[in-house]
Amino acid sequence: MNQLKNLTIVFAVLGIILILVLVRNSNQNLFKQDVQTAIEATQDNKNLISPDQLKKSGKPFLVINLGSEDMPDFLHFENSIHLPLENLLDQTNRKILEEANGDIIIYSTDVSTAAKAWVILNQLRFKRVFILNSDINSEDLKYKFQPDTSARLEQDSN
């Protein structure tokens, strides 16, 4: 009788573990994409698209502005929406993303915000997600490098 009671406890614990595993695997927000695919896309810049490439492509697309600020005038697209990163995976916004016709183009003035959103959507198996590469914040180094000659470290060591 004591062995039957111990077996019942063991089966109850195994049942709870099985239920927890099933709940964990049925989560729709679970990352599923192979990490190597994402690494290759970022190394080859396959996840970036310029405004000119976007206009010339002729394919349908949806531009998502992730920032709190408005897009610059030259980046206004007729089919663009504003979704803050914090609300990207809300139920209504997720439905918008799933029903998007064509490419999903992510834009933010902060490059790290767009990269975070790209990783999230990529891992959730959204296809054809790109980051709009506007080059607004790119810094052109227009000065010649000149070392500081006022400090002579080799003389200080004597």
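Which residues form a nonpolar patch on the surface? I put this question to a model that is predicted.

**Entry 1: the patch.** I found that the nonpolar patch consists of Leu7, Ile9, Val10, Phe11, Val13, Leu14, Ile17 and Val21. Together these residues have about 730 Å² of accessible area. I then looked up one of them, Val21, and placed it in helix H1, which covers residues 2-25. Val21 has a relative accessibility of 40% and therefore counts as partly exposed, since that class lies between the 20% limit for buried and the 50% limit for exposed.

**Entry 2: the chain as a whole.** I next recorded the overall layout. The chain holds six helices and five strands. Along the sequence, I read their order as α-α-β-α-β-β-α-β-α-β-α. Of the 158 residues in the chain, 27% are buried. I noted an accessible surface of about 11,700 Å² for the chain, with 54% of this surface belonging to carbon and sulfur atoms. I also looked up the contacts between residues at least 6 apart in sequence: 70% of them join residues at least 24 apart.

**Entry 3: helix H4.** I turned to helix H4, residues 91-98, and asked which of its residues are buried. They are Asn93, Arg94 and Leu97. Why do the buried residues of H4 line one face of the helix? Viewed down the axis of H4, they fall within an arc of 100°, and so they share one face. On the face turned away from this buried side, I found the exposed residues Gln91, Thr92 and Glu98. I then asked what covers the buried residues of H4. The cover includes strand S2 (61-65), strand S4 (103-107) and helix H5 (111-123).

Entry 4: I looked up the backbone angle phi for each arginine. For Arg125, phi is near 65°, which is a positive value in a residue other than glycine. For Arg128, phi is also positive, at about 60°, although this residue is not a glycine.

Are these arginines buried, exposed or partly exposed? I recorded a relative accessibility of 47% for Arg125, so Arg125 counts as partly exposed. Arg128, with a relative accessible area of 41%, is partly exposed too.

Key: Residues numbered from 1 in each chain as written. Predicted model: local features only at pLDDT ≥ 70, side-chain atom pairs only at ≥ 80, totals over all residues. Heavy atoms only, no water. Buried < 20%, exposed > 50% of the residue type's maximum accessible area, 1.4 Å probe, protein only. Helix = DSSP H or I, 4+ residues; strand = E, 2+ residues; numbered from the N terminus. Arc of directions from axis to C-beta. Contact = heavy atoms within 4.5 Å. Patch = residues over 30% accessible without salt bridge, like charges linked within 9 Å, V, L, I, M, F, W, Y side chains within 5 Å. Areas by Shrake-Rupley, 256 points an atom, 1.4 Å probe, with all protein chains shown as cover. Salt bridge = Lys/Arg side-chain N within 4 Å of Asp/Glu carboxyl O.
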